[in-house]
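Please consider the sequence and the three-dimensional structure shown below.

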Amino acid sequence: MGAAVVDPIKWRLIVDGLVERPISISLEQLKQMPQTHVTSFHECYGSPLAAPTKNVWRIGCVSWTGVPLRCLLALTRPDLSIGTYVWSDGLDSGTFAGVQSDRYQKDLPIEKALSSEVLVAYEMNGKPLGKERGGPVRLVVPGWFGTNSTKWLCRLSVQDRRSPSPFTTVFYNETDPTDMTGKKIRPVWGVEPNSIVVRPRPDEFYERPGNIEVWGRAWGSEEIIRVEVCIGHGKTWTEAYVEPRKQSTWGSATTDNATEPCSVRADTSLIL
């Protein structure tokens with residue numbers, strides 16, 4: 001719906017809902033709270049109007065600075081016996097795909113909201129968040145698609161149900177791959193295991209015979225602990241070395257015996 005223009009001096013974050021003590025804090029007050037740095041991959045799901053198989057791998061690795069969401073929630077003393085979701089509001093408004101909305105709104109299950117890596121962030125790669133990146137403050141939900149990391153954040157609300165926003169009910173839902181009937185729909189939350197060969201590049205030609213180092217990236221909401229590289233159009237799969245993940249970053253995988261065109265697959269389990 002377009003970037004919101006926010007005055008950092010006037011900006012405030014409200015935390016309310018099913019809590020004992022609602023709060024409203026300024027950007028200066030937020031920055032005075034104990035800060036945390038989280039490095040994570042950040043992947044765009046893409047337009048909810050197009051198939052997720054198009055324009056894939058819009059992904060980068062980002063260092064965020066901010067306050068853990070669970071610290072802000074602790075100040076309000078939420079009623080966790082009935083508070084099962086945290087709604088997040090952004091200040092962008094307008095029309096998307098013919099649907100009018102006065103606020104971009106998403107939700108997080110309370111278990112995810114209380115995890116240590118979820119941040120209310122005000123810096124990206126050591127610099128203040130700019131307008132196009134959701135500044136002055138945005139939500140950051142590592143391991144989940146970027147649509148859940150609400151930009152231009154202005155409100156967090158503990159609720160007993162999912163948000164009725166069109167961005168949870170109409171947009172950003174997908175067919176559940178575990179449903180054999182193909183009818184069950186699930187929200188676009190955690191990123192499934194994925195991978196890509198970075199080198200060699202597509203159609204890259206080597207004049208001299210011999211071993212060629214193949215390396216790439218593998219990522220998902222859970223740590224990728226096994227990657228196999230395919231040599232020779234699916235005839236042979238070779239296990240690669242996978243660099244251990246730090247925080248929520250993507251993993252680097254390397255193998256050095258590729259002599260034919262290759263592809264790659266990754267998993268979060270030891271057995272494929």
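The paragraphs below treat the chain as a whole, then its nonpolar cores, and lastly the confidence of the prediction.

The structure is a predicted model. Its chain holds 272 residues, of which 44% are buried, and the secondary structure consists of four helices and 21 strands. Among contacts with a separation of 6 or more, 68% join residues 24 or more positions apart. The chain exposes about 14,500 Å², and 51% of this area comes from carbon and sulfur atoms.

The largest nonpolar core comprises 30 residues, and Leu13, Leu30, Leu69 and Val120 have the most contacts inside it. At least two residues of this core come from each of the strands β1 (12–17), β2 (23–26), β5 (85–90), β9 (119–124) and β12 (153–159), and likewise from each of the helices α1 (27–32), α2 (69–76) and α3 (110–113).

Leaving aside residues up to four places away in sequence, Leu30 touches Trp11, Ile25, Val67, Leu72, Val120, Tyr122 and Val137.

It remains to consider confidence. The mean pLDDT of the chain is 87, with 90% of the residues at 70 or more. Over residues 258–262, however, pLDDT stays under 50, and the model gives this stretch 19 contacts beyond four places in sequence. Residues 268–272 also have pLDDT below 50, and they make 13 contacts in the model beyond near neighbours in sequence.

Note on methods. Residues numbered from 1 in each chain as written. Predicted model: local features only at pLDDT ≥ 70, side-chain atom pairs only at ≥ 80, totals over all residues. Heavy atoms only, no water. Core = buried A, V, L, I, M, F, W, Y, C linked by side-chain atoms within 4.5 Å. Buried < 20%, exposed > 50% of the residue type's maximum accessible area, 1.4 Å probe, protein only. Contact = heavy atoms within 4.5 Å. pLDDT = per-residue confidence, 0-100. Areas by Shrake-Rupley, 256 points an atom, 1.4 Å probe, with all protein chains shown as cover.
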